[in-house]
Amino acid sequence: MRLSAPVLVLLSLLVLTACATSEPSTIASTREPASATITPTPSPSPLAVATVPRATSAPTIAPMLTPTPTVAPTPIPIYHGPPYTVAIEAGHGGPHWWGTAGYDADGNHLAEKDLALDTALRLGGLLREAGFETVLIRDGDFTLTPFDGVNYRPSMIAETQARVEIANARRADILVSIHFNGAYSALHGTETYYNPDRLFGAESYALAWFVQAEVLSALGGLGHDVNDRGVRNDAEVGGDPNNAHSYLLGTNDGFRPSLMPGIISEALFLSNPDDAARIAEEETRQRLAEAYRDGIAAYFAWLSPRIPPATLTPAPTLTPTPVATLTPTPPRQCCTFSLW
Ligand SMILES: [Zn+2]
């Protein structure tokens, strides 16, 4: 066993936000996405069609508890034209929140927080080059809140809340969370999580679908042994006891939720030797960042034709121009001034 006991403790706590440790489960339900006006069957980009096995054509969602939000937040408007703002959350960070651990091909230790940050920074640059506005929720190895290394759960909730607050305050159009997965060593592959039970569940699904496709394409292009573990319900990673969804994407008790479509990407398993060796390569992280950029761009391209035309400004009601009251011309009195 390569992982030390403290690391295993960390792994056991990762379910709070991401890095699912569960086995793939059969997800089946007839529950419809919250948005009835959108059929979340995004058309993939030509690249994705050519190189990536299609994801399931429609979300199949497991039954779950109906979330009872403690607040009634107003989602940030989705359907508008550019510029678009992308909030990027590099998973974990700081001295007490390392995330999953792994080892590269030479046995060197790898920390998820570092690899997620590196990928996030690359993605930020690529998105800005492509004309997006970005919010790097963390751009260094730190947490936004005092993070207690003992009381993990409240610390992680508070930290996640702080991260969500930034995305909300900056009115980001989407929230993209970058992680690398952790489980037992044989498990490997690519997952993208979303929450179907929000008002923007369909949009989150579309975003997850495009990102998953691009990540698979990128890994395949690197010659990696691609394993498509699918676009998945974030209920698998769990939230508070009354709410299966993640804190980042859900509406957990006492938590001010994110207000925009969002995903949690788990591109590879750091706990799997082959995946970890791949993540350790700089080229892989660059290609993953490019895949995120392409998936995000594909999402907004998918969104674009659904943007309702600008509401026409109604023609102003014409106010009848008052006809000048003519001063009646007094009847000419003939010859008043006649000299004769
Ligand atoms: Zn993680």
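**Terms and values**

Author: Pro83 lies in the loop between helix α2 (46–51) and strand β1 (85–90), where helices (H or I, at least four residues) and strands (E, at least two) are DSSP runs, numbered from the N terminus. The model is predicted: local features need pLDDT of at least 70, side-chain atom pairs count only at pLDDT 80 or more, and totals for chains, interfaces and linings use all residues. Residues are numbered from 1 along each chain as its sequence is written.

Reader: What joins Pro82 and Pro83?

Author: A cis peptide bond joins Pro82 and Pro83, with omega about 5°. In general, most peptide bonds are trans.

Reader: What makes Arg171 partly exposed?

Author: Arg171 has 14 other C-beta atoms within 10 Å, and is therefore partly exposed. Its place is the loop between α4 (152–169) and β5. Arg171 is not a glycine, yet has a positive phi of about 55°. Most residues other than glycine have a negative phi.

Reader: Why is strand β8 described as largely enclosed?

Author: Strand β8 (residues 262–269) has 8 of its 8 residues buried, so the strand is largely enclosed by the rest of the structure.

Reader: How do you know that β5 and β6 pair with β8?

Author: Two strands pair if DSSP finds at least two bridges between them. Strand β5 (residues 174–181) has 6 bridges to β8, in the parallel sense, and Ile178 stands opposite Ser265 in β8. Strand β6 (residues 190–194) is joined to β8 by 3 bridges and runs antiparallel to it; here Glu191 stands opposite Glu266.

Reader: What makes a set of residues a nonpolar core, and which have the most contacts inside the largest one?

Author: A nonpolar core is a set of buried Ala, Val, Leu, Ile, Met, Phe, Trp, Tyr and Cys residues joined through C-beta atoms within 7 Å. The largest has 67 residues, and those with the most contacts inside it are Val86, Ile88, Val176, Leu207 and Phe210. Helix α5 (residues 201–221) gives the largest share of this core, 13 residues.

Definitions and conventions:
Buried ≥ 20, exposed ≤ 12 C-beta atoms within 10 Å, placed from the backbone.
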